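I wanted to see what lines the gaps and where they lie.

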Amino acid sequence: MGEQDELRERVRELIRALPGAQRDFAAAIELDETKLSKSLRGIRKFSPHELVRIAEHCGVTVNWLLNGSDEASTVTAIPAPAARSDSPARSRSHGDTRRRIVETAWQLIADQGYARVRIADIAQACGTSTASIHYYFATREEVLNEALRRNVKLAFDRQVAELHATDNARERLLRLIELQLPSGELLRSEWSVWLQVWNESALNPKMRSLYWDSYDRWFRTIAMTIEDGQRQGAFRECDANLVTAQLTAMIDGLGIQVLTARPGSSVARMREQVLDFVERNIAAEAVTGAASPGVH
């Protein structure tokens, strides 16, 4: 059985495990039922966006969908255990309630800021009681922790879905950069949650361990991509960890400028500056083009 056959079988397994018919599953992942049927029969492939939607709806990772394990070696670094959301089995046993709470809290934190979001606000937005929220999360801090884990999962899923078939390290690095730019509603929300986490981690030492476990996945992904590029001759010989620290710090700083609407800042300008850094400090020869924009 090939990789695509195994992928289709895992999606069928998820569909069978959920209540409702196949058309309900298609509606939930915002995919035309005919396209879903064709993908399950092998007539068409699932797109990266569709894989992310399936993983998000079912509480699994794209890595599990593609490779059968959350731990499978892939093109990006795997999140540390503490930085992961629920396992597939636990997530499915909880049904939709906990995931709906996390998604709602995540969006409220992104839109309003952690300091302004109360448990009562989450309950009201979910159409449930505060007791129901506290059944899953004892404190408001636990809600923020899970919002951070959701950020990690969203980025991990997106990167694996987009890059799992990309062997060229230079192309992969450019796509990683593009996928991290705060363009589009989803990416800006992810960045907003990171801003809340950075602030709370600076004030609350108890949060720092989870924060660093979460951030380390992004750092290791960039570092391993640079090391791959060095082996391929696409990137110059340099200290991969040092240049990764410089590149990630630059992305963080420029992203904050975009989110806070610093005069002169924009996603396009951020992309231009980051790619200039790659050309000057990482590439063995000039980077002649950016990754295609608009993939979120």
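I sorted the lining of the largest cavity by class and got eight nonpolar, four polar and two charged residues. In this sorting Ala, Val, Leu, Ile, Met, Phe, Trp, Tyr, Cys and Pro count as nonpolar, Asp, Glu, Lys and Arg as charged, and the others, Gly among them, as polar. A cavity here is a set of points on a 1 Å grid over the protein atoms alone where a 1.4 Å probe fits but cannot get out; a pocket is an open set with protein on both sides within 12 Å along at least five of seven lines; lining residues have an atom within 4 Å of a point.

I noted the source. The model is predicted, so local features need pLDDT of at least 70 and side-chain atom pairs pLDDT 80 or more, while totals for chains, interfaces and linings use all residues. Residues are numbered from 1 along each chain as its sequence is written, and side-chain values use heavy atoms, without hydrogens and water.

Next I looked up the volume of the largest cavity, which is about 150 Å³. A volume is the space filled by probe spheres set on the grid points, which are joined across faces, edges and corners. Of the 14 lining residues, Ala 155, Gln 180, Trp 194, Tyr 215 and Trp 218 are the closest to the centre. Domain 2 (93–162) and domain 3 (166–284) each give at least three residues to this lining; the bounds come from an automatic or database domain assignment.

The second largest cavity has a volume of about 40 Å³. I found Arg 158, Gln 180, Leu 187, Glu 190, Trp 191 and Trp 194 in its lining. Helix H12 supplies four of the residues, the largest share. Helices (H or I, at least four residues) are DSSP runs, numbered from the N terminus.

Then I turned to the largest pocket, with about 460 Å³ of space. Which residues lie nearest its centre? They are Arg 53, Glu 56, Arg 150, Leu 154 and Leu 186, out of 16 in the lining. By class I have four nonpolar, three polar and nine charged residues there. Helices H4 (48–58), H7 (96–112) and H10 (140–163) each supply at least two of the lining residues. The pocket lies between domain 1 (1–72) and domain 2 (93–162), because both give residues to its lining.

Last, I checked H4. Its buried residues (under 20% relative accessible area, 1.4 Å probe, protein chains only) include Glu 50, Leu 51 and Glu 56. Gly 59 follows H4 and has a positive phi, near 75°.

Methods:
Buried means under 20% relative accessible area, exposed over 50%, partly exposed in between (1.4 Å probe, protein chains only).
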